[in-house]
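Me: Hi! Could you walk me through this one with me? I'll show it here.

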Amino acid sequence: MITVTTLVDFPPEEIRCIEIAVQHETTGKLYQGAVEVAQVVINRTNSSNYPNTPCAVIYQKHQFTNIRRTTKVSQKARDATAKALESYKDGTANKKIIAFHSLKTAPKSWHKLHLVLRKGDHMFYSKEP
């Protein structure tokens, strides 16, 4: 199991992958939800159901679509990622959320997950209630 210290001490290239995911998933949307998107990526690294690094998580087949390593990252994505990482240090991270989708999409297979919260244009889920 990865410790909180490990979670907030990702190397820069792994933090960049979190920023890329946040950028890709929240472009053109409100800041709400961006921190939680970063937390989903981080939480997945701590789950035996997903790879154990942010880059492996976001490039995992059939998880995040159309993400490119060359994505330009906005200050909003950097700030949201930094705030998410800080939330693990200060104990405010939502460690349960492991999945999300935008309000425009509702994956049919997600009926097994439990809705935790809605932020902006995103719904966030956990595996357990």
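**Disulfide, a methionine and a pocket**

Reply: Happy to! A disulfide links C17 with C55, with an S to S distance of 1.9 Å. Keep in mind that this is a predicted model.

Me: How many disulfides does a search of the whole structure find?

Reply: The search turns up one.

Me: And which parts does the pair C17 and C55 tie together?

Reply: C17 sits in helix α2 (residues 12-26) and C55 in helix α4 (residues 54-58), so the pair ties together parts 38 residues apart in sequence.

Me: Are C17 and C55 buried or exposed?

Reply: Both C17 and C55 are buried. The torsion about their S-S bond is about 90°, so the disulfide is right-handed.

Me: Switching topic: where is M123?

Reply: M123 is in strand β3 (residues 122-126). Its relative accessibility is 15%, under the 20% cut-off, so M123 counts as buried.

Me: What is M123 in contact with, leaving aside neighbours within four places in sequence?

Reply: Its contacts are A99, F100, H101, L103, L115, L117 and R118.

Me: Now pockets. What volume does the largest pocket have?

Reply: About 500 Å³. The lining of the largest pocket has 20 residues, and R44, Q63, F100, P107 and W110 lie nearest its centre.

Me: Where does the largest share of that lining come from?

Reply: From β1, with four residues. Both α2 and β1 (99-102) supply at least two residues each.

Me: And by class, what is in the lining?

Reply: The lining of the largest pocket has nine polar, seven nonpolar and four charged residues.

Note on methods
Residues are numbered from 1 along each chain as its sequence is written. This is a predicted model: local features need pLDDT of at least 70, side-chain atom pairs count only at pLDDT 80 or more; totals for chains, interfaces and linings use all residues. Side-chain values use heavy atoms; hydrogens and water are left out. A disulfide is a pair of cysteine sulfur atoms within 2.5 Å. Buried means under 20% relative accessible area, exposed over 50%, partly exposed in between (1.4 Å probe, protein chains only). Contact means heavy atoms within 4.5 Å. On a 1 Å grid over the protein atoms alone, a cavity is a set of points where a 1.4 Å probe fits but cannot get out, and a pocket is an open set with protein on both sides within 12 Å along at least five of seven lines; lining residues have an atom within 4 Å of a point. Grid points are joined across faces, edges and corners, and a volume is the space filled by probe spheres set on the points. Ala, Val, Leu, Ile, Met, Phe, Trp, Tyr, Cys and Pro count as nonpolar, Asp, Glu, Lys and Arg as charged, and the others, Gly among them, as polar.
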